[in-house]
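Colleague: Can you walk me through the side-chain contacts here? Start with the terms, please.

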Amino acid sequence: MGDFNLALVIVAVVVSVLVLLVSVYLLVNYQHPDDVNQAYFPKLVVVLGLSVAAISILMLPADVANRKACRHAIYNGACNLTLPMKTLWLAVYIADAVLVFFIIPFAMFYYEGDQDKSVAKRLKSALLWVVTSAIVCGLVLGILYALVGKVDFTVRHLSSSVTSFPSSWTGLSSSQPCLTPLTRQCAAYTASASSETTWTMRATFPEYVVALATIVGSVLFSIFGGVGIACLPLGLMFAFIRRPKAVITRSQYIKEATELGKKARELKKAAEALHQEERSGNKGRKWRKNVKAVEKELLLLEDDMKALEEMYPQGEKAETAWALTVLGYLGKLVLGIVGLIVSVAWVAHIIIYLLIDPPLSPFLNEVFIKLDDVWGLLGTAAFAFFCFYLLLAVIAGAMMLGLRLVFITIHPMKWGGTLMNSFLFNVGLILLCSISVIQFCATAFGYYAQATAAQEIFGHTLESLRGIKYLYKYNVFQYAFVGLAIITLFYYAAFGWKKRKQRGRFQLSG
């Protein structure tokens with residue numbers, strides 16, 4: 001069958017089925033009890049979104065493996081029977097963009113619609129919002145593509161005269177690369193700056209859509225990912241440091257539970273007042289600010305209740321529950337240490353390979369190549385792990401900033417307690433940032449992922465698009481990523497070890 005890699009096709013099909021099953025498993029176990037046996041359309045969107053996000057991450061390792069399937073071909077273009085990766089990339093990312101900008105917003109508008117309205121009215125309202133968004137997005141994309149949807153490649157014209165074939169090559173060296181010492185007839189050596197010119201061509205519209213989606217995702221990725229790459233491992237480690245050291249007494253438990261009960265009643269009154277304002281149509285800026293404040297306080301209250309239950313386990317298996325709590329915090333410490341090693345490796349690789357010109361070392365690229373030498377898929381698996389870790393960092397960063405910044409809505413993901421609107425929001429965030437994660441990985445591991453379809457799309461084309469290329473030329477997103485990671489590190493060093501103080505009486509802002 002020549003270069004046709006049957007094993008790669010089988011693995012791709014099996015992994016796609018496994019990804020779908022895992023997505024369903026996550027939905028079933030994370031969903032809130034209130035959403036059981038209802039909200040089927042949002043659930044379908046969640047499963048589809050999670051599957052597309054996971055497959056898009058796994059496609060870069062598959063792209064590398066696909067390239068290796070052509071290693072016996074004289075050139076990559078001669079290998080016609082492997083997976084059509086460029087077509088698959090564009091299909092997946094167009095689906096990604098449609099989900100992020102149209103289907104997920106529609107599902108969220110429908111799910112969060114007034115429950116007192118009929119299904120038809122909720123569908124009409126959600127569809128109106130999405131159609132309006134589609135028209136605006138379509139106009140913006142069309143105008144931008146018509147005006148600046150071009151790729152500018154810098155090329156150099158090289159030419160050389162002919163010289164006699166030498167009888168010996170001993171005279172050639174790094175200091176003397178040319179055949180004729182006197183005339184130095186090497187065009188690459190003697191070409192002047194004036195020989196450079198710009199070759200302009202129009203990008204395809206799908207590639208341009210992917211590029212703009214990547215820019216939007218890169219902004220979020222550099223912010224959330226930069227914060228998350230530090231807070232993900234450090235949060236686990238400091239959770240171990242702040243862990244309950246011993247079981248509290250019954251009197252302490254009753255005192256703490258009474259205070260939490262008062263706080264819960266205050267939040268219930270505040271939520272009822274906001275619901276009355278919503279019914280009366282008074283949903284202004286102050287109302288949204290108060291909703292954000294109630295959501296934050298409710299999330300902190302749930303954390304306090306969980307911490308109290310940990311410090312005073314009850315029932316016949318109280319000792320077992322305490323032992324599991326201790327083991328759980330030990331597990332967080334171990335995961336935090338492993339995560340810290342991965343985070344440090346990521347930041348060091350970005351500095352060594354991307355920010356320093358020329359790169360000091362291929363670093364992780366060489367690690368993956370050596371792992372491939374040990375076993376064919378070991379380097380690919382490690383490569384996929386590092387890409388997935390970035391996505392986890394994005395979610396961790398979004399959760400941390402959501403608790404501390406008033407303009408970011410909190411959408412917590414909790415086992416057995418996640419409402420569909422939070423599910424949809426986080427899936428949209430994952431999808432949007434997954435494009436940037438792939439582009440970032442294709443650049444950061446350019447040596448390992450060379451000659452792949454992903455590098456062609458997210459490397460040469462994206463980094464040469466008119467207007468956009470300067471963001472990549474000057475490493476804007478990489479500097480922002482590393483800078484925010486360092487700031488977050490100092491934040492945890494200063495405040496991470498402190499336990500959160502109990503807040504006083506909660507009141508809505510007037």
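Modeller: A salt bridge is a side-chain nitrogen of Lys or Arg within 4 Å of a carboxyl oxygen of Asp or Glu. This is a predicted model, where local features need pLDDT of at least 70, side-chain atom pairs count only at pLDDT 80 or more, and totals for chains, interfaces and linings use all residues. Residues are numbered from 1 along each chain as its sequence is written, and side-chain values use heavy atoms, with hydrogens and water left out.

Colleague: How many salt bridges does a search of the whole structure find?

Modeller: The search finds 1. E297 and K263 form a salt bridge through their side chains, at 3.2 Å from N to O.

Colleague: Which parts does the pair tie together?

Modeller: E297 is in helix α8 (residues 285–311) and K263 in helix α7 (residues 250–279), so the pair joins parts 34 residues apart in sequence. Helices here are DSSP runs of H or I, at least four residues, numbered from the N terminus.

Colleague: Are E297 and K263 buried or exposed?

Modeller: Both are buried, meaning under 20% relative accessible area; exposed is over 50% and partly exposed in between, with a 1.4 Å probe and protein chains only.

Colleague: Now rings. How many aromatic pairs are there?

Modeller: There are 21. Rings of Phe, Tyr and Trp (its six-membered ring) pair if their centres lie within 6.5 Å; planes under 30 degrees apart are stacked, over 60 edge-to-face, the rest tilted. The F385 and F386 pair is edge-to-face because the ring centres are 5.9 Å apart and the planes at 90°.

Colleague: What about the accessibility of F385 and F386?

Modeller: F385 is partly exposed at 43% relative accessibility, while F386 is buried at 11%.

How values were computed. Helices (H or I, at least four residues) and strands (E, at least two) are DSSP runs, numbered from the N terminus.
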